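I set out to record a few local features of this structure, one entry at a time.

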Amino acid sequence: QVQLVESGGGLVQAGGSLRLSCAASGMIFSINPMGWYRQAPGKQRELVAGIRSDVVTRYDVSVKGRFTISRDNVKNMVYLQMNDLKPEDTAVYYCNAGLVNWAPKYAWGQGTQVTVSS
């Protein structure tokens with residue numbers, strides 16, 4: 001059974017930084033593209049960043065230049081370094097493996113709340 005456990009969220013002031021972590025188990029982690037998604041109140045869940053291999057990444061335009069996704073295929077972990085946070089980054093953040101067009105592959109974990117105050 002696949003498990004995705006996110007951590008690292010919190011309350012931070014605008015301009016601050018957070019590092020999110022996701023521990024994945026129950027799957028062959030290294031072959032799966034991994035993504036970070038977020039869902040703000042009243043909005044649909046969206047892909048924030050994705051990583052297909054150690055060097056092939058993609059970012060939503062709203063976070064490009066501020067967020068960095070990385071992965072550790074030995075530890076089965078994926079990370080999201082978030083810098084220069086803005087109030088509009090406030091959301092629950094989730095990780096998942098990605099199918100074609102980054103549709104989520106597995107059931108969602110509990111997510112981690114990120115709140116950015118102005």
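The entries below follow the order in which I looked things up.

**Entry 1: basis.** I worked from a predicted model.

**Entry 2: strand β9 and its partners.** I began with strand β9, residues 91-97, and found seven of its seven residues buried. I then looked up its pairing. Strand β4, residues 34-39, runs antiparallel to β9, and six bridges connect them. Within this pairing, I noted glutamine 39 opposite valine 92 of β9. Strand β10, residues 112-117, is also antiparallel to β9, with three bridges between them. There, I found threonine 112 of β10 as the bridge partner of tyrosine 93.

**Entry 3: glutamate 6.** Which side chain of opposite charge is nearest to glutamate 6? I found arginine 45, at 7.0 Å. Glutamate 6, which belongs to strand β1 (residues 3-7), is buried and has no salt bridge. A salt bridge requires a side-chain nitrogen of Lys or Arg within 4 Å of a carboxyl oxygen, so I did not list arginine 45 as a salt-bridge partner. I next looked for polar contacts to the backbone. A polar atom of the glutamate 6 side chain lies 3.0 Å from the backbone nitrogen of cysteine 95. The side chain of glutamate 6 also reaches the backbone nitrogen of glycine 111, again at 3.0 Å.

**Entry 4: valine 116.** Leaving out residues up to four places away in sequence, valine 116 touches Val12, Gln13, Ala14, Leu85, Lys86, Pro87, Asp89 and Thr90. I also checked glycine 16, which is 100 residues from valine 116 along the chain; their C-alpha atoms are 8.3 Å apart.

**Entry 5: aromatic rings.** How many aromatic pairs does the structure hold? I counted two. Tyrosine 37 and tryptophan 108 form an edge-to-face pair, with 5.1 Å from centre to centre and 80° between the planes. This pair links distant parts of the chain, 71 residues apart: tyrosine 37 is in strand β4, and tryptophan 108 is in the loop between β9 and β10. Tyrosine 37 counts as buried because its relative accessibility is 4%, whereas tryptophan 108, at 30%, counts as partly exposed.

Notes
Residues are numbered from 1 along each chain as its sequence is written. This is a predicted model: local features need pLDDT of at least 70, side-chain atom pairs count only at pLDDT 80 or more; totals for chains, interfaces and linings use all residues. Side-chain values use heavy atoms; hydrogens and water are left out. Buried means under 20% relative accessible area, exposed over 50%, partly exposed in between (1.4 Å probe, protein chains only). Helices (H or I, at least four residues) and strands (E, at least two) are DSSP runs, numbered from the N terminus. Two strands pair if DSSP finds at least two bridges between them. Lys and Arg count as positive and Asp and Glu as negative; His and the chain ends are not counted. A polar contact is a pair of N or O atoms within 3.5 Å; within protein, one must be able to donate a hydrogen and the other to accept it, and residues adjacent in sequence count only if both atoms are side-chain atoms. Contact means heavy atoms within 4.5 Å. Rings of Phe, Tyr and Trp (its six-membered ring) pair if their centres lie within 6.5 Å; planes under 30 degrees apart count as stacked, over 60 as edge-to-face and the rest as tilted.
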